[in-house]
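I'd like to walk you through one model today, so let me put it up on the screen.

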Amino acid sequence: MACTEVYSISSPKMEYVEGRCFSFINSSTSLKLWPMIRRTNSPIRRERKLGVSCSSPNTLSPLGSEEDASVVPSSHFLEDEFSHVTKFKMSDFKIRNRVSIDLGGRGDEIVFEAMVNDPHSPLYKTRVVLRQLISARAKRRGRRAIEVLKRLARRKLMYHSYSMQVHGYICSSMTDENSSFTLVLGHHGSSSLRHWLQRSDWLPTLEATLSLDQESVRRVGDDTIGGPAISRQLRLIRILMRDLLIGVNYVHSHGLAHTELRLENLHISPVDKHIKVGILGNAADFNEADTVDGTSYDNMDRRRMMIAFDMRCVGFIMAKMVLRELMDPTIFAKFKAFLTKGNDPSCLREFLLHAVKRKSSAGNFGIQILDRNWGAGWHLLSLLLAPKPLDRISCLNALRHPFLCGPKWRVSPSIDVIRWSLGSTTVRIAEEYIYGQQQRSRLAHFIELMEMLNPYPKPKHWLGAFPGKWRLLYCTGRHIGLTLRQPSVRVLIGEVYLTISKASTPKTTFSAASHISFTVMPSGDWPHDKSGVDGKLQVNTYFRLRAGRRLYLKEETDTSKFPSATPDAQASAVKRLSSKMWRKAIPVNEFPSSLSVAKLVSTETEVTMSLDKPLSGNIEVAQKALQEVRTQIPPEMFDLSKIVCGTYLDSRLLVLRSVNGSALVLTRCTNDS
């Protein structure tokens, strides 16, 4: 929490004003000032109370110092540059004795809340924020904010709606570096977006502040006002995110990058119900590159990189708004470390299910919000946080994303969004672990659709994306886990992973290791006591990638209890693709006779099993436990040579087909998951 030093002015004749940090009377609302003012000729002393650190330079000109009557001629040029804003005097304001702690900025800034008391000013009786800039670097930020304003203020409606207003400045001398420089900013509420999200009652308070009505609902294409808590949060997040993206796009359209987009720099105005993007003291110009050689390429590359930096910041803001657990600095540090290590943001769900869900106190509303609309929220978040800057989504495309468009807005999804939706829906159904006939049929249909839309049908595309750690999610040919059977030895299956890594030579050869963890529960009270002997089963083999084709036989018959590629599933897939929802994106009239696949040719297989301790010294018990593991686990994971081809691969999911036609769906995970 930032600390704000506030100086109170009693007389313009004072040479220095001694400022001190004061204890927080109410940390959620304001900071009460009990100023101690005295005339002194010595530098200002710094004092710390209650462990709050404040800083000020050795010498400080008072805010209330009188204007110098003598004007240096060279200052005319600088004042002309600031002619689009008003130059105020300190006597134009009445300083308030309170300041919100949420308006505090950096250590080289001093923040005041004031009221304009000049009856001749158009801002008479208007509440403003005075931000006195102390260091030379802070003064450069202030002057830069005024320079940027000249470009943004051309579109006054957009500027007043989506940007923090800069009314003017207070400066005794434009040429003297030691003179004080103060920005006069608009007062858009006493709380930043971080302050709102940290409140326990943030949802109803923000709804009341924004006065959500039919017009606000229309702005995000929603068709309901009330509803459950998740629907209310999603509606509010859509409003805030759309406002933020419009404001950031407004800055980008004027050739500027904000470079400091954080929750602390965003304010919600209770007057016009818009998010105000903070002052542009560190705004960077897209066209400041060297124009001597390669003008167009250099400027375009610089523009893309700087826009990508801002969009990554928007991604962090969205993550904190949706997943309020990330407001915890320790959890957010893990979140950033996950991305810094080079992990694909499309795997964030797998990571956050382990990192956030167990410690969540918010009911996991954020994960449910991102799961809605076929996982559209995860897709948008992955595009905002893409590791390659050129892969990040722009503001305009983000505003058209299905996650930010309500059900009343018909958005034509791209092929990438369709693939993502199919994969997300498959994962959600598989995670329910209710594998009735309806669920198995739907999963078979979605897997068939995914295979038809495989983005990487050729083996050369698999060389870079195939290696990794994959978790077995679902198998169309085997029900994983305990059933109504009455086995002699009860075994509880843990996680089942398939780790694929590149072999040294040749480059098309991969080593695959299947890791199966399980627990043998010898106790008769196993429904209530899951303790037992832990064991591990590992299967190692090598695969070689080859190009292949998967043929569909018209007269195919399959009497398996769990069909995976039956004619009924194929007919349902064609029917679904021919529906109004999918026809525009995928014009498919009939099911293809064959599909390109990556054929997997395996070599010798090695199987090893280990137990933490002997099972009562009886080898028959160990044999029965192994047999039970083989019964519950799909045979393809126990014998990797039965896997014959890969039919689908993207950054999140992998679909492998076995020799009997059953499909194994695996989801990518990382070491942090």
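Before we start, one definition: when I say buried, I mean a residue with under 20% relative accessible area, while exposed is over 50% and partly exposed lies in between. And please keep in mind that this is a predicted model.

First, the overall picture. The protein chain has 673 residues, and 51% of them count as buried. Its secondary structure comes to 19 helices and 21 strands. If you take the contacts with a separation of 6 or more, 71% of them are between residues 24 or more positions apart. The chain exposes about 32400 Å², with carbon and sulfur atoms supplying 51% of that area.

Now to the part I'd like you to look at with me, strand β20, residues 653-658. Which way do its side chains point? Leu653, Val655 and Arg657 point one way, Leu654, Leu656 and Ser658 point the other way, and all of them are buried. With 6 of the 6 residues of β20 buried, the strand is largely enclosed by the rest of the structure.

What does β20 pair with? On one hand there is β19, residues 643-649, which pairs with β20 in the antiparallel sense over 5 bridges. Here tyrosine 648 stands opposite valine 655.

Staying with phi for a moment: most residues other than glycine have a negative phi. Two residues here are worth a look on that score. Lysine 125 has a positive phi of about 65° although it is not a glycine. You'll find lysine 125 in the loop between β5 (109-116) and β6 (127-133), and it is exposed, with a relative accessible area of 60%. Threonine 259, also not a glycine, has a positive phi of about 70°. Threonine 259 sits in the loop between β9 (256-257) and β10 (266-268), and at 24% relative accessibility it counts as partly exposed.

That's my tour, and I'm happy to take questions.

Technical notes: Residues numbered from 1 in each chain as written. Predicted model: local features only at pLDDT ≥ 70, side-chain atom pairs only at ≥ 80, totals over all residues. Heavy atoms only, no water. Buried < 20%, exposed > 50% of the residue type's maximum accessible area, 1.4 Å probe, protein only. Helix = DSSP H or I, 4+ residues; strand = E, 2+ residues; numbered from the N terminus. Pairing = 2+ DSSP bridges. Contact = heavy atoms within 4.5 Å. Areas by Shrake-Rupley, 256 points an atom, 1.4 Å probe, with all protein chains shown as cover.
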